[in-house]
Amino acid sequence: MSRIEVAELEEAERTSVLGTGGTGVLSFSTEGDEPPRTVPVSYGYDSVESTFYFRLATSPEHPPETLDGHAVSFVTYDANDEWWSVVAKGRLQDIERDDVGTDALEGLERVEIPLIDIFETHPREIDFAFCRLEPTAFTGRRESSTAP
């Protein structure tokens, strides 16, 4: 009978499982007793700067100018061979701001944000904003089976 072991991911393991991009869930803080606004997203991960990049759909209800500085938490995970998860928290930064732009361009060259069509409208007809997240809190866990 095997035993389940849960452990924190070391930085190298975290970098390995995040790769250069994938999918996850981004949760936005809200006012008062409202639950967080949570959306599935694709991400790019720059391991050089430990920074996430997102291509986020915008709308009249959620215009791009409301993204910059917004508190978020991001979760990604996988459960194929071995279960793992990574949680990052911080504030989004609009990468089109002048004080962020140059660093962001370098970071975007090191990532691959998958284009995933989860919209009712063709992606060419949707407005997107590009943001980055430099985590202020960053955790990762893995679970594996061990022999007794």
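Before anything else I wrote down what a patch is: its residues have over 30% relative accessible area and no salt bridge, and nonpolar side chains are joined within 5 Å. I also noted that this is a predicted model.

**Entry on the patch.** I looked up which residues form a nonpolar patch on the surface, and I found Val25, Val75, Tyr77 and Trp83, which together have about 340 Å² of accessible area. I then followed one of them, Tyr77, and saw that it lies in strand β5, which covers residues 71-78. Is Tyr77 buried or exposed? Its relative accessibility is 55%, and because exposed means over 50%, Tyr77 counts as exposed.

**Entry on Thr15.** When I left aside the neighbours within four places in sequence, Thr15 was in contact with Tyr45 and Ser47. Thr15 and Tyr45 are 30 residues apart along the chain, and their C-alpha atoms are separated by 8.6 Å.

**Entry on the whole protein.** I looked up the elements and found two helices and eight strands, which follow the pattern β-α-β-β-β-β-β-α-β-β along the sequence. The protein has 148 residues, and 34% of them count as buried. Among contacts with a separation of 6 or more, 71% are between residues 24 or more positions apart. Last, I noted an accessible surface of about 9,200 Å², of which 47% belongs to carbon and sulfur atoms.

Definitions and conventions
Residues are numbered from 1 along each chain as its sequence is written. This is a predicted model: local features need pLDDT of at least 70, side-chain atom pairs count only at pLDDT 80 or more; totals for chains, interfaces and linings use all residues. Side-chain values use heavy atoms; hydrogens and water are left out. Patches are made of residues with over 30% relative accessible area and no salt bridge: like charges are joined within 9 Å, nonpolar side chains (Val, Leu, Ile, Met, Phe, Trp, Tyr) within 5 Å. Accessible areas come from the Shrake-Rupley method with a 1.4 Å probe; for residues, only the protein chains shown count as cover. A salt bridge is a side-chain nitrogen of Lys or Arg within 4 Å of a carboxyl oxygen of Asp or Glu. Helices (H or I, at least four residues) and strands (E, at least two) are DSSP runs, numbered from the N terminus. Buried means under 20% relative accessible area, exposed over 50%, partly exposed in between (1.4 Å probe, protein chains only). Contact means heavy atoms within 4.5 Å.
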